[in-house]
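Keep the picture in view as you read.

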Amino acid sequence: MSAATAAVEPAASSGSMSANTRAGAVIQYYISSQVDALNRAIAATERHAPGSAGGVRAVIHRLRTAIRGYEHLFTATPHGGPQLDQLLSALKHTEDLERLRTHFADRFDQLGLTVAEYPKWYGALDEEVRESYRQIERVHSQAWVAALLGQVRMFAEHAKFTRDGDKPASSLMGVISKAKIHLLDTYVKMSHATDLVAARDEMRTAARDAHFLTEAASPALGRSAEEVIVPVSDLGHLLVQYRQAVVARNWLLRLPGADRADRLTASLADLEKEHLHQLGEQIDQATADMIDRWQ
């Protein structure tokens, strides 16, 4: 067999896959499905649909994680470059603003505030969200976005496999095992971290990568993939919540002097501090449960 073989058409459905399916075909199918999801998500952002910025960002991360993590299965892969990083940054900013709006609304409910009692700075969040979507729309209209989408779609339809890509899908567990080890390493390193917030954010990224890499292979790996996805997804959710609480705390700290000194702001800051402590304990427990599950 040659070092590079042309890919067959992706399976009609993920249900036809097994551990004996070619590894490259499994990942090719996943990438193809995510390209379709990305087109739908981009259309939603053009309508400024609530939450759509986060949807686009999640699909891009799924695509990039799969392409990078399983690059060895293919003779050539597309690369986004710095422009894609800039788009991801803009999407992340918009997603943070939308989540802040929901986050603080929940906090106001906790404090028993009526809408009329919401602070003025909360109302300004709406305009920031609208402007951030307009910024994303300006980026979407640039020629490189369409060109990159075209490259990824061509790759998904016409990828060629290496010898590793021709191996059975069971071989994908090697990549997933490395992702699991990296995730656990980030947790171990937290005990020596000087910046706990940065360390937990690194762990969040590692959990996301392990989740998406396993998700890509899951149609062929079945229960073995589920044993990774379930605990990693639960842990990742807590780490996302932790990051959101950090963003909220930092937002309060950056308020103008008068607003920052307000009694309401102080109450909100106390809630964030308590929530961060609780989430830290929950993250530790979820990690311990995950380790027990994998032993």
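Here is a short tour, from the overall picture down to single residues.

**The whole chain**

First things first: this is a predicted model. The protein chain contains 11 helices and 2 strands. If you start at the N terminus and read along, the elements go β-α-α-α-α-α-β-α-α-α-α-α-α. The C-alpha trace spans about 70 × 50 × 30 Å along its principal axes.

How much of the chain is buried? Of the 295 residues, 46% are buried. Now look at who touches whom: taking contacts between residues at least 6 apart in sequence, 80% of them join residues at least 24 apart.

| Helix | Residues | Number of residues | Span, first to last C-alpha | Expected span |
|---|---|---|---|---|
| H2 | 52-69 | 18 residues | 25 Å | 26 Å |
| H4 | 120-140 | 21 residues | 32 Å | 30 Å |

H2 reaches close to its expected length, and H4 does as well. H2 is mostly covered, with 14 of its 18 residues buried.

In H4, the buried residues are Trp121, Tyr122, Leu125, Val129, Ser132, Tyr133, Ile136, Val139 and His140. Why do they line one face of the helix? Looking down the axis of H4, you'd see its buried residues fall within an arc of 140 degrees, so they line one face.

Where is His48? Look in the loop between helix H1 (23-46) and H2. His48 has a positive phi of about 60 degrees, although it is not a glycine. As a general rule, most residues other than glycine have a negative phi. His48 is partly exposed, and its relative accessible area is 30%.

Now find Glu281, which belongs to helix H11 (residues 263-294). Glu281 has a relative accessible area of 48%, so it counts as partly exposed, given that exposed means over 50%. Glu281 and Ala19 are 262 residues apart along the chain, and their C-alpha atoms are separated by 37 Å.

Methods
Residues are numbered from 1 along each chain as its sequence is written. This is a predicted model: local features need pLDDT of at least 70, side-chain atom pairs count only at pLDDT 80 or more; totals for chains, interfaces and linings use all residues. Side-chain values use heavy atoms; hydrogens and water are left out. Helices (H or I, at least four residues) and strands (E, at least two) are DSSP runs, numbered from the N terminus. The expected span of a helix is 1.5 Å times one less than its number of residues. Buried means under 20% relative accessible area, exposed over 50%, partly exposed in between (1.4 Å probe, protein chains only). The arc is that of the directions from the helix axis to the C-beta atoms. Contact means heavy atoms within 4.5 Å.
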